[in-house]
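Q: I am new to this structure. Please show me how to read its features one at a time.

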Amino acid sequence: PATTLSTFTIGFTEKSFDESAQSQRVADHFGTRHFVKIADQASCDQVLQALRVTDEPFADSSILPMCLLTSFAREHVTVCLSGDGADELFGGYETYAADTLCRAVSFLPQGGFSVLGLLLRRFWPISYAKVSFDYKLKQFIDGCSLGDPLKAHLFWRGIFTPAQIHDLLVDPDAPTDKELDAFCYAQPFAKKVEKASYLDQVMYFDQKIYMPDDILTKVDRAAMAHSLEVRAPFLDHRIVEFAAGLPVSWKVQGMQKKRFLRATQQGTVPDKSLNQKKQGFGAPVSLWLRSILRDCARDVTSSRELLPWFRQETILRFWKEHEEGCEDHGLRLFGLLCLGLWMDRMRSL
């Protein structure tokens, strides 16, 4: 019938990133008209096109599949609904479980976490799979080594550490270490809700910073570039206020996330889908930077003209460690690529 709901999915040839089979299962359950498009490996032209959409050096790798998704959806509809906001309101991110665990082990010495992190990097090979166990474990250990749960949460949200930024800059004395520390930026937001539970504090921070400056910006600009309107029902102010009033244990308890929202959908959404682990919508840029994006990205990131503020020896070290499988610098190199391409575009205007 003409009123049948349409649903859209972007899949990947890289299996750990592909959720097209899961989306098809849900679409079959609800009887939607389901459309799937497979994202081939990206090119620098696609990255540049995504930067034209954002109009700023935006380095969230999911901007690539999001541009593809909004263009694809616009071929069939003019308005879409998204689930944006549900994770921040109801505790859906993996980082919230990590936050809980980090506080539980905060009594352990920081030095032990630092040593363990070094050992993991030396002896545990990199898989480059999507949110792989080795990636999560190394990120968790590094976050715990900072000695403050809020700093750990910000570390998990970021790409570069202050130490890496310091090593990158040609003039490391230009910004102070304090200015390089996202903790100083986050403290005012945490202070506004300092009487709330720790998890409520980090979810509030994500609602005020991560969601509007990254998630919603990405979706809005990608959609508007293709004349598609995307609405986010979870961000209706009544739902936001309702979620804020729920006990935090109804959202996250131990390693269980989004507990309340999952409970409300029992019997509606298939159990297999309802209990599936969250994966996110990232693109496999770490793999692409070892294949089709490699030459272009190396040219851009090695150009002092495009990236005059950064030390080439640090960038080359990132490349060497990434290609040899010592460290996954995919998101860092992708960020530098996006900045270099944006600077080249601004220079040519």
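A: Start with D236, which counts as partly exposed because its relative accessibility is 25%; buried means under 20% relative accessible area, exposed over 50%, and partly exposed in between, with a 1.4 Å probe and protein chains only. D236 sits in the loop between strand 4 and helix 13 (237-244); helices (H or I, at least four residues) and strands (E, at least two) are DSSP runs numbered from the N terminus. The model is a predicted one, in which local features need pLDDT of at least 70, side-chain atom pairs count only at pLDDT 80 or more, and totals for chains, interfaces and linings use all residues. Residues are numbered from 1 along each chain as its sequence is written, and side-chain values use heavy atoms, with hydrogens and water left out.

Q: How far apart are the C-alpha atoms of D236 and C338?
A: They are separated by 33 Å, and the two residues are 102 residues apart along the chain.

Q: How many salt bridges does the structure hold?
A: A salt bridge is a side-chain nitrogen of Lys or Arg within 4 Å of a carboxyl oxygen of Asp or Glu. The structure holds 19 of them. One joins E305 to R347, with 2.7 Å between the closest N and O atoms. E305 lies in the loop between helix 17 (294-301) and helix 18 (312-323) and R347 in helix 19 (residues 330-348), so this pair ties together parts that are 42 residues apart in sequence. E305 counts as exposed, at 59% relative accessibility, whereas R347 is partly exposed, at 47%.

Q: What separates R317 and E321 in helix 18?
A: About one helical turn separates them, because they are four residues apart in that helix. Their side chains meet in a salt bridge of 3.8 Å, N to O. R317 is partly exposed at 33% relative accessibility, and E321 is partly exposed at 23%. Another salt bridge pairs K320 with E324, the closest N and O atoms being 3.1 Å apart. Salt bridges also link R294, D295, R298 and E323 in a network.

Q: How is a pocket found, and which residues lie nearest the centre of the second largest pocket?
A: Rolling a probe the size of a water molecule over the atoms shows where empty space is left. On a 1 Å grid over the protein atoms alone, a pocket is an open set of points where a 1.4 Å probe fits, with protein on both sides within 12 Å along at least five of seven lines; lining residues have an atom within 4 Å of a point. Here the second largest pocket has 17 lining residues, and Q46, L64, P65, C67 and L68 lie nearest its centre. Strand 2 (33-39), helix 2 (44-54) and helix 3 (63-74) each give two or more residues to this lining. Helix 3 provides the largest share, five residues.
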